[in-house]
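Colleague: I would like to learn how to read a structure like this one. Could you take me through a few features, step by step?

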Amino acid sequence: MRGSDNGHGRDDRPLSAESAWRLTADRADECVLFFDFDGTLAPVADDPTAVRPVPRALSAIGALASVVRRVAIVSARPVDFLRDRFHGAADVDLYGLYGLEHSHGAGPTVTEPAALPWVPAMADLADRARSELPAEILVEYKRLSVALHYRTAPELAGEVERWGHAEAERLGLRVQAGRMVLELKPPVDRDKGLVIGEAVASAGCAWYFGDDVSDLKAFAALRDREERDPSFFGVCVAVANPETGQAVAGAADLTFESPEALGDFLDSAAASVR
């Protein structure tokens, strides 16, 4: 959303969420809405398996999917997890594990072929983490990645970092830092930026909603699309948090204070185009 006038009523003056949505509603049929899950549509919790999307956000996403070109969840969670949380929104596309898995609408889950050979290594890594790291560390095995959560024991962050980076070097894995979590994943070129870059190639408008450092690549993909096509309307939205929120908000056009506040906005946005 930054930049000079693109012919659709936008100029260098910052827009509010409401005015940006009015510009979007005028071209809804060419707009794609992308959402991160944890910390954006759902509050972060000590137990990641217990996380659920904010009710107003969940209902609004279902309504918005019927009026915009496309709605997609782009998350570090597996597709099966996301499908369970969004089972009532059959028109929503799901990108799991930073794009290593995807499902379009109610279609089957497709796994990136280059990632499949890493499944055994990830299972072994999860077992090693459970046996070698302190019991306070929650080890989340996702089939194609392993997340090491230290939210309930922040004093162990250094130990998790050292162990994770050593294992990544030993196995040739990639490291993704997040909010009180370190994730190890295969060396496959899929991330949120690549997912968004591909998905907006033919779109005239897109919003991306995120809260964590992995979402910065998605923001960059929208900025790149704007630079290549001045008629493209992109909006980067941050959801505030006490851990990585400052860096993400600094790169965003708009900021909401919480998933609940975002849910309220989405509910109003959906109502305005019904």
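Modeller: Gladly. Helices here are DSSP runs of H or I with at least four residues, numbered from the N terminus. Keep in mind that this is a predicted model.

Colleague: Let me try that on a single residue. Where is the place of Arg 83?

Modeller: Arg 83 sits in helix α3, which covers residues 79-85.

Colleague: Is Arg 83 buried, exposed or partly exposed?

Modeller: Buried means under 20% relative accessible area and exposed means over 50%. Arg 83 has a relative accessible area of 29%, so Arg 83 is partly exposed.

Colleague: Which residues does Arg 83 touch, not counting residues up to four places away in sequence?

Modeller: Leaving out residues up to four places away in sequence, Arg 83 touches Leu 94, Ser 103, Gly 107, Pro 108 and Thr 109. As for Ala 121, 38 residues from Arg 83 along the chain, the two C-alpha atoms are separated by 25 Å.

Colleague: Now a whole helix. Which residues of helix α2 are buried?

Modeller: In α2, residues 55-64, the buried ones are Ala 57, Ala 60, Ile 61 and Leu 64. Look down the axis of α2 and these buried residues fall within an arc of 105°, so they line one face of the helix.

Colleague: How should I describe a pair of packed helices?

Modeller: Two packed helices are described by the angle between their axes and the distance between the axes. For α2 and α9, the axes come within 8 Å and cross at roughly 30°. Angles under 35 degrees count as roughly parallel, and α2 and α9 are therefore roughly parallel to each other. Their crossing is left-handed.

Colleague: Which residues meet in the contact of α2 with α9?

Modeller: From α2 come Arg 56, Ala 57, Ala 60, Ala 63 and Leu 64; from α9 come Gly 263, Asp 264, Leu 266, Asp 267, Ala 269, Ala 270 and Val 273. By class, the residues of this contact divide into 8 nonpolar, 1 polar and 3 charged.

Colleague: And how do α1 and α9 pack?

Modeller: The axes of α1 and α9 are 11 Å apart, at an angle of about 35°. The crossing of α1 and α9 is right-handed. Ala 17, Glu 18, Trp 21 and Ala 25 in α1 meet Phe 265, Ala 269, Ser 272 and Val 273 in α9. That contact divides into 6 nonpolar, 1 polar and 1 charged residue.

Colleague: At what angle do helix α4 and helix α5 pack?

Modeller: Helix α4 (residues 119-132) and helix α5 (residues 157-171) pack at about 150°, with axes 12 Å apart. The crossing of α4 and α5 is right-handed. On the α4 side are Leu 125, Arg 128, Ala 129 and Glu 132, and on the α5 side Trp 163, Glu 167, Arg 170 and Leu 171. This contact has 4 nonpolar, no polar and 4 charged residues.

Colleague: Let me go back to one-sided burial. Which residues of helix α6 are buried?

Modeller: In α6, residues 192-199, they are Lys 192, Gly 193, Val 195, Ile 196 and Ala 199. Seen down the axis of α6, the buried residues fall within an arc of 160°, so they line one face of the helix. Their cover includes β1, β2, β3, β10 (205-210) and α7 (216-228).

Colleague: Strand β10 has Trp 207 in it. Is Trp 207 buried or exposed?

Modeller: Trp 207 counts as buried, at 0% relative accessibility. Its C-alpha atom is separated by 42 Å from that of Ser 131, 76 residues apart along the chain.

Notes
Residues numbered from 1 in each chain as written. Predicted model: local features only at pLDDT ≥ 70, side-chain atom pairs only at ≥ 80, totals over all residues. Heavy atoms only, no water. Buried < 20%, exposed > 50% of the residue type's maximum accessible area, 1.4 Å probe, protein only. Helix = DSSP H or I, 4+ residues; strand = E, 2+ residues; numbered from the N terminus. Arc of directions from axis to C-beta. Axes fitted to C-alpha atoms, helices over the stretch in contact; angles between N-to-C directions. Parallel < 35°, antiparallel > 145°, perpendicular 65-115°, else oblique. Left-handed = near helix turned anticlockwise from the far one by under 90°. Contact = heavy atoms within 4.5 Å. Nonpolar A, V, L, I, M, F, W, Y, C, P; charged D, E, K, R; others polar.
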